[in-house]
Amino acid sequence: MENQSNPNEETKKDLTVEQKIKRRNFISFSTFFVLGGAAFGGWKWLYHAPEETAGITAGARKPLRRALNKTELFFRKFYSNNHLVKTYPKSMAAKNVRVNSDIGIDDAGFKPENWQLSVVKSKNDVLKVTMAEIKALPKTEIVFDFKCVEGWDQIQHWGGVKFADFIKHFKLNEQAKMPYIGMETPNGEYYVGLESESALHPQTLLAYEMNDQPIGLEHGAPLRLIVPVKYGIKNLKRIGKISFSNDRPRDYWAEQGYDYYSGL
Ligand SMILES: Nc1nc2c(c(=O)[nH]1)N[C@H]1C(S)=C(S)[C@@H](COP(=O)(O)O)O[C@H]1N2
Ligand SMILES: [Mo]
């Protein structure tokens, strides 16, 4: 036994102290990422797993839910709002941008030139904003991978005003401290609810351009939401009204059973 040399031990001995430290750091870092990845994967699976509604495990559902909500809060911080979504060069943006659905934007009589955005500041105080006022604000562009829950994605190029800049300019900071923001089409037929932190994320835009051109009616003219930290369902086309609240605003697809958070 004593004479048998372990080939691994041999190579380790040949390393300098500095190399050994580097090696150890590399191993602990890799372990951290592998375990972290597994934990996140497990969380995603659990989060999307169907709920138990009957049978012997039904009673265990509540405490599990409570634990998941804590976990959700943790991952929200680390995986959605504190990271930037990957961006691409303009040359990679799709020229034929997919049109997905038109709930709330199919009324024939809609005139984009008469449109105004309503911002509900408080019960009896509604701010009206014109397209000219929005276009006068600094323009931000983004090229990112737009993802629909139905399973398609496409690299798209959008331009508009950062929602955070819009809030600052119109002095809506107090309102935006509320945890939720609701947005809906002018006819109220499609509506989304967002955590304010997702709306205020540095890549969230009130968009009026696509591929350097004014966006078409089918993509939500004159103004639509681009919120890259969320799936397509939250990217409201043709915004008519914005409001702020302490409770989750109504959300079209959440009412149909989709995940309310719908984060990426
Ligand atoms: N008003 C409105 N906004 C909407 C929708 C809709 O049906 N109506 N569909 C959503 C969904 S599911 C997706 S994937 C995107 C599609 O945007 P696009 O048609 O510009 O690709 O818009 C979102 N915003
Ligand atoms: Mo979608």
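Arg250 counts as partly exposed, at 41% relative accessibility, where partly exposed lies between buried (under 20% relative accessible area) and exposed (over 50%), taken with a 1.4 Å probe on protein chains only. In this predicted model, the side chain of Arg250 meets that of Glu184 in a salt bridge of 3.5 Å, N to O, a salt bridge being a side-chain nitrogen of Lys or Arg within 4 Å of a carboxyl oxygen of Asp or Glu. Local features need pLDDT of at least 70 and side-chain atom pairs count only at pLDDT 80 or more, while totals for chains, interfaces and linings use all residues, and side-chain values use heavy atoms, with hydrogens and water left out. Residues are numbered from 1 along each chain as its sequence is written, and chains are lettered from A and ligands numbered from 1 in the order in which they are written.

- The Glu184–Arg250 pair links distant parts of the chain, with Glu184 in strand S5 (residues 180–184) and Arg250 in the loop between strand S10 (241–245) and helix H8 (252–255), 66 residues apart; helices (H or I, at least four residues) and strands (E, at least two) are DSSP runs numbered from the N terminus.
- Salt bridges that share partners join Lys90, Glu141 and Asp212 into one network, and the structure holds 10 salt bridges.
- Asp212 is partly exposed at 40% relative accessible area, and Lys90 is partly exposed at 46%.
- A further salt bridge joins the side chains of Lys168 and Asp165 at 4.0 Å, N to O, and because these residues are three apart in helix H5 (residues 163–169), they are separated by about one helical turn.
- Lys168 counts as exposed, at 54% relative accessibility, while Asp165 counts as partly exposed, at 22%.

**Fold and nonpolar core**

- The protein chain has eight helices and 10 strands, and 40% of its 264 residues count as buried.
- Of the contacts in the chain with a separation of 6 or more, 69% come from residues 24 or more positions apart, contact meaning heavy atoms within 4.5 Å.
- The largest nonpolar core has 48 residues, and those with the most contacts inside it are Leu117, Ile134, Phe166 and Met183; such a core is a set of buried Ala, Val, Leu, Ile, Met, Phe, Trp, Tyr and Cys residues joined through side-chain atoms within 4.5 Å.
- The largest share of this core, five residues, comes from strand S7 (residues 205–210).
- Apart from its neighbours within four places in sequence, Leu117 is in contact with residues including Leu127, Val129, Ile134, Phe166, Leu223, Ile239 and Ile242.

**Buried loop positions**

- Pro249 lies in the loop between S10 and H8 and counts as buried, at 14% relative accessibility.
- Pro249 and Gly182 are 67 residues apart in sequence and 5.4 Å apart in space, C-alpha to C-alpha; once neighbours within four places in sequence are left aside, Pro249 is in contact with Tyr180, Ile181, Gly182, Gly193 and Tyr260.
- Ala94, in the loop between H3 and S1, is buried with a relative accessible area of 16%, and beyond its neighbours within four places in sequence Ala94 is in contact with Gln154, Ile155 and Asn211.

**Backbone features**

- Most residues other than glycine have a negative phi, and most peptide bonds are trans.
- The peptide bond from Ala221 to Pro222 is cis, with omega near 0°, and Pro222 is found in the loop between S8 and strand S9 (224–226).
- Arg238, in the loop between S9 and S10, has a positive phi near 55° and is buried, with a relative accessible area of 2%.
- Ser262, in the segment after H8, has a positive phi of about 40° although it is not a glycine, and is buried at 4% relative accessible area.
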